[in-house]
Amino acid sequence: MSKSPDRLVILTGAGISAESGLPTFRGADGLWEGHRVEDVASPVAFARDPELVHRFYNLRRAALRTVEPNAAHLALARLEAAWRGSFLLVTQNVDDLHDRAGSRRLLHMHGELIRARCKACRHGWEWRDDLSPDSICPSCGKSGRVRPDIVWFGEEPLHLGEIFDALSRASLFIAIGTSGHVYPAAGFVDVARGAGARAIEINLADTAASAAFDERRTGPATDLVPALVEELLAAQSVG
């Protein structure tokens, strides 16, 4: 990379955390224990069967405790610490692996697995243990209204104003481990390129959005992300 960009926006998806061994809980048929994911990850599902929804997220929370940030997470944290321009890392992932790696200029657009939220008073708080229909909100004291602080199907992602503002000013956009199917994130590359940014995709294979990128790098994020970070920091040092 001959010239260093100064306004950097990075999007990460499930692929980066899969390389830490984080299970997706989806079977080969796309189902989780015979249920569509929408049936365990939507407001309607929670109203119909909160015990099932809590069990789904309790398993995911327990699995998160068994994994660690990988080389890609750590490289992005190093890039943030050394970057002299504007920097924003946006993740579609609800895990805390970026946080544990040291990322701070970070937005979780789909919520966080280690947080809970009360439907009654809207209070949110960090929570790393199991939840159940009997869980009590520490703010209003009500039970039966506590849910994972996750953006479910049919709900609007978080921080969109801040994300689109950063994309509109980006000079480089990088997408790592994303499928290119889930909107609005799948359209971020078009917003960034419309603002004049160069766009790089890193994934194990081409995605539904690959044609929109200027450059595609195919392979494991744990190999390709540290290499790209070295390129960016080297360009910055001479830019």
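What radius of gyration would a compact globule with 239 residues have, and what does the protein chain have? The globule would be near 18 Å; the protein chain has 19 Å, which agrees. The radius is taken over C-alpha atoms, and the globule rule is 2.2 Å times the number of residues to the power 0.38.

This is a predicted model: local features need pLDDT of at least 70, side-chain atom pairs count only at pLDDT 80 or more, and totals for chains, interfaces and linings use all residues. Residues are numbered from 1 along each chain as its sequence is written, and side-chain values use heavy atoms, with hydrogens and water left out.

Start with the whole chain. Along the principal axes, its C-alpha atoms fill a box of roughly 60 × 40 × 30 Å. It has 8 helices and 9 strands. These are DSSP runs numbered from the N terminus: helices are H or I with at least four residues, strands E with at least two. Of the 239 residues, 49% count as buried. Buried means under 20% relative accessible area, exposed over 50%, and partly exposed in between, with a 1.4 Å probe and protein chains only. Among contacts (heavy atoms within 4.5 Å) with a separation of 6 or more, 65% come from residues 24 or more positions apart.

Now the charges. The protein chain carries 27 positive and 31 negative side chains. Lys and Arg count as positive, Asp and Glu as negative; His and the chain ends are not counted. The centres of the two sets lie 4 Å apart, with each charge placed at NZ of Lys, CZ of Arg, CG of Asp or CD of Glu.

Next, look at helix H6, residues 160–169. Its buried residues are Leu160, Ile163, Ala166 and Leu167. They cover an arc of only 130° around the axis, which puts them on the same side of H6. The arc is that of the directions from the helix axis to the C-beta atoms. Their cover includes strands E1 (7–12), E2 (86–91), E3 (106–108) and E7 (172–176), and helix H7 (188–194).

Finally, check the backbone. Most residues other than glycine have a negative phi, and most peptide bonds are trans. His159 has a positive phi of about 65° although it is not a glycine. His159 sits in the loop between strand E6 (146–150) and H6. At 37% relative accessibility, His159 counts as partly exposed. Arg122 also has a positive phi, about 70°. Its place is the loop between strand E4 (111–118) and strand E5 (124–126). Arg122 counts as exposed because its relative accessibility is 73%. A cis peptide bond joins Tyr183 and Pro184, with omega about 15°. Pro184 is found in the loop between E7 and H7.
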